[in-house]
Amino acid sequence: RPTRPIRPIQALPDQLISQIAAGEVIERPSAVVKELLENALDAGATQITVRLEQGGVKRIAITDNGRGIPPEQMPLALARHATSKIASLTDLENVGTLGFRGEALASIASVAQLTLTTRTADAAHAWEITGSQEGNVVPASGSPGTTIDVQDLYFNTPARRKFLKSEQTEYGHCAEVVRRIALARPDVTFSLTHNGKTVDHWNIGEFAKRSAHILGDEFANARLPVDESAGPLRIHGFIGLPTASKARADGQYFYVNGRFVRDKLLVHAVRAAYQDVLHGDRYPSYALALDLDPALVDVNVHPSKIEVRFRDSRSVHQFVFHAVSRALAATSATSFGNAP
Ligand code: ADP
Ligand code: MG
């Protein structure tokens, strides 16, 4: 085996630390889309535009009408471990925003060309900063809100670039991330363009149209409402009738405190409720949101925050199981009936 020269221990340069972190969080263009959308929502945006070019690899530009960033804080927005969302461990344990790690923009800026253009409501004009936090903040034009323009993802990390799939595949992942978030936020207008063409546009309030597009007409036409509370837990949303079930588990959208999650416990609880009405090889479709006191769930399990850990997982399981069971039972008692 060839031996390498022994090096002394050294602190890594900031840029390299960010690139290492980016390896974990920014594994493909859709991860950039997710991080930027979450930032826009955390900033209180009610209108968000996503523009993609070449599956997001060439360009991802997200514009929101949220509160913007004051010019003196712009370099910090791009710095590692800098966030406006938490300041203490107590804040972390009660976090109500989608972001809190203060790493996304720094990571993205370390593996792509990033331009941040932003304007607060009271500012006379927008400001812009390009590249990492060393860049200068210069005056720019733009309405109140923020645009983050990410170009040439992984231009400086060829090893990463090699793992990218076709434009169509990367685009598909990006579009799925937009749908996930749009489904949970009917109070926000979303539009998505790819290579200059508008692919999706959902106005505020159009839940039926969103769910039809995302979960299929079958689901939109025959969905059952779920809305129950018990103590600190609330579940609301819609579940599909057994007729809207699928051969694949791609119609399952579960959110915990507004965050799309993949959680075995929750999937299991819903599945168990369908036990008697659904064939074993079919998957129920649903869009369900579980809201609970942030102190009862740990979202700081993985940087992508798609996993969560409940403090009392048994009671969460029971609560979800019973809520879905009752919604299903209500229909079999009325519209279907067991009557001859
Ligand atoms: P985090 O979201 O974990 O705080 P980010 O790196 O994603 O970390 O963002 C850093 C900071 O930049 C945020 O805390 C926020 O203050 C600011 N920021 C980022 N995106 C936006 C946006 N679209 N609108 C307003 N502020 C933003
Ligand atoms: Mg963020």
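**Arg 309**

I began with Arg 309 and found it exposed, having 12 other C-beta atoms within 10 Å. For burial I counted other C-beta atoms, placed from the backbone, within 10 Å of a residue's own: 20 or more is buried, 12 or fewer is exposed, and in between is partly exposed. The model is predicted; local features need pLDDT of at least 70, side-chain atom pairs count only at pLDDT 80 or more, and totals for chains, interfaces and linings use all residues. Residues are numbered from 1 along each chain as its sequence is written, while chains are lettered from A and ligands numbered from 1 in the order in which they are written.

I placed Arg 309 in strand β15 (residues 309-310). Helices (H or I, at least four residues) and strands (E, at least two) are DSSP runs, numbered from the N terminus. Leaving aside residues up to four places away in sequence, I noted that Arg 309 touches Val 297, Asp 298 and Val 301. Contact here requires C-beta atoms, placed from the backbone, within 7 Å. Val 299 is ten residues from Arg 309 in sequence, and the two C-alpha atoms are 6.7 Å apart.

**Helices α7 and α8**

I then looked at how helix α7 (residues 167-184) meets helix α8 (residues 207-215): their axes come within 10 Å and cross at roughly 145 degrees. The axes are lines fitted to C-alpha atoms, for helices over the stretch in contact, and angles run from 0 to 180 degrees between N-to-C directions. Arg 179, Ala 182 and Leu 183 of α7 make the contact with Arg 210, Ser 211 and Ile 214 of α8. I sorted this contact of α7 with α8 into three nonpolar, one polar and two charged residues. The classes are Ala, Val, Leu, Ile, Met, Phe, Trp, Tyr, Cys and Pro as nonpolar, Asp, Glu, Lys and Arg as charged, and the others, Gly among them, as polar.

I listed the buried residues of α8 as Arg 210, Ser 211, Ile 214 and Leu 215. They lie on the same side of α8, because they cover an arc of only 95 degrees around the axis; the arc is that of the directions from the helix axis to the C-beta atoms. These buried residues of α8 pack against α7, β8 (197-202), α9 (217-221), β10 (233-240) and β13 (286-292). Just after α8, I recorded a positive phi of about 100 degrees at Gly 216.

**Helix α10 and His 279**

In helix α10 (residues 264-274) I found Leu 266, Ala 269, Val 270, Ala 273 and Tyr 274 buried. Their arc around the axis is only 140 degrees, so they are on the same side of α10. His 279 lies in the loop between α10 and β13, and I counted it as exposed, with 8 C-beta neighbours inside 10 Å.

Gln 54, in the loop between β1 (47-53) and β2 (59-64), has a positive phi near 50 degrees. I counted Gln 54 as partly exposed, with 14 C-beta neighbours inside 10 Å. Tyr 154 also has a positive phi, near 65 degrees, and sits in the loop between β6 (145-151) and α6 (158-161). I found Tyr 154 buried, with 20 other C-beta atoms within 10 Å.

**Ligand 1**

Finally, I classed the shell around ligand 1 as eight nonpolar, eight polar and six charged residues. Helices α2 (29-42) and α5 (104-111) each supply at least two residues of this shell.

Methods:
Contact = placed C-beta atoms within 7 Å.
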